[in-house]
Amino acid sequence: MQMSRLKEFRTIMNSIKSVWEKDKKAAIVMLIGVNGSAYRLPGTKMMMAENAEMAGTISGGCLEGDIYGYAEKAIQEATPMLKTYDLSDNEIWSLGIGCKGSLEIFILPTKKDDAFWEETDRLLNKDEEFSFILEVPTGIKTLVTKDGEIIGDSEYLPSIVYESALQSLKSQKRAEVLKWEGRRFVIDAIRPSQRLIVAGAGKDAIPVVELAAKAGFSVTVLDPRSESNRERYFPAATHLVELPENINSENVKGAWWVIMNHLQSRDEEALHLALQSNPKYIGVLGPVSRTQEMLLNIGEDLIIGEEIYSPVGLDIGAETMDEVAISIVSELMAVRSNREGKSLKGKVKIHV
C-alpha cells in the first residue's frame with residue numbers, strides 16, 4: 001500500500017485552508033487514472049491556488065506547470081475540469097519525461113463556505129477512515145464514513161456506488177473508477193497511517209523516526225527517559241515516556257514495532273509487550289543470537305524470520321546510523337506493500 005492517503009489529504013486540506021485565509025481561491029488536483037507507467041498512483045492529490053501557489057505533487061514536477069494553467073482557468077470559472085496527458089508522446093511535450101504512461105487528472109475548485117469541505121476537514125483531523133467519491137466530470141462530491149453515513153451530494157449517489165465505497169475501505173490500494181449507466185465515479189478510500197512504535201530513543205533512532213514519518217507512518221517513540229524521548233530529538237513523533245511493562249497492550253494494539261533500546265532487559269520488555277498486542281510487524285535490532293536469547297528469556301517460542309524480523313532491515317550493506325535507518329525503513333515499506341524489497345532492474349511494471 002502506498003503512503004497514507006489520509007496524511008496526504010490532510011496536508012492538502014491544510015494548504016487549502018491557508019489559501020482561504022488569504023482570501024484566495026484554490027482547487028484540488030487529483031490523479032484519477034493511470035494507463036502504463038506513472039510517478040504516482042490514482043488517488044494522489046495536490047493543491048493549486050491563485051498566484052501559482054502549489055502544495056504536493058502529481059508527476060514529480062514535470063507536469064505541474066502545465067496543469068496549473070488549466071487549474072487557474074477552472075478556479076476562475078468555478079468549474080471542474082478533466083485533463084488527460086499522454087506521456088509517451090515526447091514530440092508534443094519535448095520534455096523527455098521518464099514515465100511513458102497516460103494520466104487522467106481531475107481539477108476540482110473548492111469554496112471556502114462549502115459545508116462539504118468543513119466535514120472533510122473534520123474527518124481528516126479525527127484520523128478516521130472514509131471514502132471520498134467524485135463524479136467525473138460534474139464534480140458532484142460525497143463522503144461515506146466507516147459507519148455508512150453519507151455526507152455531501154447524497155441524492156446523486158447511486159446505491160451501487162455507495163456499496164462499493166463501503167467495500168473499498170476494506171481492501172482498496174488505489175483510487176478506482178466505477179462506471180454506472182453512463183456515469184463515472186472516482187472512489188478513493190482514505191485511511192489513517194499505520195502506527196509504528198520505535199522502542200528506544202537513542203541517537204540511532206532519530207533517523208529511523210524521521211524517515212518512517214516521511215514514508216507515511218505515524219510514529220511513536222517508546223522510552224522512559226524523558227531527557228531523550230522528547231520533541232527536540234523526535235519532532236515528527238508522539239512520545240510514550242513509560243516503561244514497556246507499564247503499558248496496556250490494548251493501547252498499542254495492531255501497531256508496527258522496531259525494537260532498538262540497546263539495553264537487553266528493556267528490549268525484552270518491549271518485545272513482550274509487542275507480542276501481546278497483535279502486532280503487524282516486529283523488527284529487532286541486533287544479531288539473531290541476541291533475539292533468540294531474548295525470546296527464551298520471556299518464554300516465547302517463535303520462529304525468527306517469520307514472526308520476528310531479526311536482524312531488522314534490508315541487506316543493502318548499511319553501516320552508518322543513517323544507512324541503517326534507510327535499511328530499516330526500506331524493510332518497513334516493503335512489508336507494508338507486500339513486496340520482497342528487490343531491485344527494480346528490468347521490471348516492466350513498478351506499481352502493481
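## Exercises on a predicted model

Asn51 counts as exposed, at 60% relative accessibility (exposed means over 50% relative accessible area, buried under 20%, partly exposed in between; 1.4 Å probe, protein chains only). The model is predicted: local features need pLDDT of at least 70, side-chain atom pairs count only at pLDDT 80 or more, and totals for chains, interfaces and linings use all residues. Residues are numbered from 1 along each chain as its sequence is written, and side-chain values use heavy atoms, with hydrogens and water left out.

### Exercise 1: positive phi

Find where Asn51 and Asp23 sit, and give their phi values.

Step 1. Asn51 lies in the loop between strand E2 (45-49) and strand E3 (53-55). Helices (H or I, at least four residues) and strands (E, at least two) are DSSP runs, numbered from the N terminus.

Step 2. Asn51 is not a glycine, yet its phi is positive, about 65 degrees.

Step 3. Asp23 is in the loop between helix H1 (5-21) and strand E1 (26-35). Its phi is about 60 degrees, again without being a glycine. Asp23 is exposed, at 65% relative accessible area.

Step 4. Most residues other than glycine have a negative phi, and most peptide bonds are trans.

### Exercise 2: the faces of H5

Check the span of helix H5, then sort its buried and exposed residues.

Step 1. H5 has 13 residues (159-171). The expected span is 1.5 Å times one less than the number of residues.

Step 2. Val161, Tyr162, Ala165, Ser168 and Leu169 of H5 are buried. They cover an arc of only 115 degrees around the axis, so they lie on the same side of H5. The arc is taken from the directions from the helix axis to the C-beta atoms.

Step 3. Ser159, Lys170 and Ser171 are exposed on the other side of H5.

Step 4. The cover over the buried residues includes strands E6 (130-136), E7 (141-145), E8 (150-152), E9 (176-180) and E10 (183-190). Contact here means heavy atoms within 4.5 Å.

### Exercise 3: salt bridges

How many salt bridges are there, and how exposed are the partners Asp223 and Arg225?

Step 1. The rule: a side-chain nitrogen of Lys or Arg within 4 Å of a carboxyl oxygen of Asp or Glu. The count is 13.

Step 2. Asp223 and Arg225 form a salt bridge, with closest N and O atoms 2.9 Å apart. Asp223 is buried, at 1%. Arg225 is partly exposed, at 31%.

Step 3. Lys214 and Glu210 meet at 3.4 Å, N to O. They are four residues apart in helix H6 (205-214), which means about one helical turn between them. Lys214 is exposed, at 57%, and Glu210 is partly exposed, at 41%.
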